[in-house]
Amino acid sequence: MQIHVYDTVEQVGRAAALLFAARVTEKPDSVLGLATGSSPLGCYEQLRAWHREGLLDFSKCVSFNLDEYCGLPEAHPCSYHAFMKEHLFDGVNLKTSYLPDGNAPDMTAECRRYDAAIRAAGGIDLQLLGIGRNGHIGFNEPGDRFVYGTHVVDLTPSTIQANRRFFESEDEVPRRAVSLGIGGIMAAKEIVLIAMGEDKAQAVYDAVHGDVTPRVQASVLRAHPHTVFLLDREAAKKI
Ligand code: GLP
C-alpha cells in the first residue's frame, strides 16, 4: 500500500484526479469504479475541468458506482444517482454509467446482475473509494465477516448519523443500501482511497496499522497489491 499525505483537501482531490486522468489516457476504454460522498468532490471537479478543457475524453469509458440507497427514488436529490449526475456525469462524456438499482423488485437478482455487468465489462480498472468514520468502504459496514458480492446492507447508526447531513431529518435517511461487496472492490486492478479531515483519522489509522478485520472493512485493502491512500494532514494525523 502506498500512502501520500497532502497539505490541503484540494490537493487530495487533484491527486486522485491525476490517477484517473493517467488511467483514462493510457487506456481510453477504462472501466472506472466511482464513489459518492464529500471525499470525491474535488476529484470530480478536476475531472470535469480537464474534460471541459479538452484534455480528457471519457467517451470509451464505462463506470460502475459502489453503492446506492434502497427505497429512495433515483430522482430524489439525495440519491447517489442524482449525486453522480450533478457532480460528474453531466460534466463529462462517459460512454455508459451504471449504479445499482436500490428499488429493484428482486434485490437478490439485482445484486447478481450488477456483479455480472462488471465482469462482462472486463472488471474495474481503477476504483475510487472514500472511507466511513467506522472504516466502511462502499457500504460494507463493520461486522464479523467480509461479504464477497454485491449485497443489501442494513446501515449502522453511525453511518445513518454521518449521512444525516444530506437529508432534512434523520428519519429521512434510508436504513438500507445496496453495495458492491469486498470481493468486487478487491477485484479492481487498482484502488485509490481518499480521506480528509480529522473525523477520518482513527478509521485511517485502523485501516493502515490495525488488524486486518471485518470490524474495519477498509483494513482488507492491505491485501490488495495496488492500493494508494491519498490523505490530507488531518486524516493522516494518527498514522
Ligand atoms: C458513504 C458512502 C461511502 C463513502 C462514505 C464517506 O456512506 N457510501 O462510499 O466513502 O460515506 O463519505 P464522505 O466522503 O462524505 O465522508
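Tutor: Two strands of this predicted model are said to pair if DSSP finds at least two bridges between them.

Student: How many bridges join strand E9 to strand E10, and how do the two strands run?

Tutor: Strand E9 covers residues 190-195 and strand E10 covers residues 227-232, and the two run parallel. Within this pairing, Ile191 stands opposite Thr227 in E10. Since a pair needs at least two bridges, the count for E9 and E10 meets that cut-off, being five.

Student: Which strands are the edge strands of the open sheet?

Tutor: The open sheet has seven strands with parallel pairing, in the order E1-E10-E9-E6-E2-E3-E5. An edge strand pairs on one side only, and this holds for the strands spanning 2-6 and 96-98, namely E1 and E5.

Student: What does the twist average from one strand to the next?

Tutor: The strands concerned are those of the open sheet, ordered E1-E10-E9-E6-E2-E3-E5. From one strand to the next, the twist averages 15°.

Student: Which residue has a side-chain N or O atom 2.5 Å from an oxygen atom of the ligand?

Tutor: The ligand is surrounded by 14 residues, with Ser38, Ser39, Asp67, Arg165 and Lys200 the closest. A polar side-chain atom of Asn163 lies 3.4 Å from a ligand oxygen atom, while Gly138 places a backbone N or O atom 3.3 Å from a ligand nitrogen atom. The residue with the 2.5 Å distance from its side chain to a ligand oxygen is Ser39.

Student: How much of the area that the ligand exposes when taken alone does the protein bury?

Tutor: The space that the ligand takes is the largest pocket. Taken alone, the ligand exposes 390 Å², and the share of this that the protein buries is 94%.

Methods
Residues numbered from 1 in each chain as written. Predicted model: local features only at pLDDT ≥ 70, side-chain atom pairs only at ≥ 80, totals over all residues. Heavy atoms only, no water. Helix = DSSP H or I, 4+ residues; strand = E, 2+ residues; numbered from the N terminus. Axes fitted to C-alpha atoms, helices over the stretch in contact; angles between N-to-C directions. Near = heavy atom within 4 Å. Polar contact = N/O pair within 3.5 Å; in protein donor to acceptor, adjacent residues only side chain to side chain. Areas by Shrake-Rupley, 256 points an atom, 1.4 Å probe, with all protein chains shown as cover. 1 Å grid on protein atoms, 1.4 Å probe; cavity = no way out; pocket = protein on both sides within 12 Å on 5 of 7 lines; lining within 4 Å. Sits in = over half its atoms within 2 Å of the grid points.
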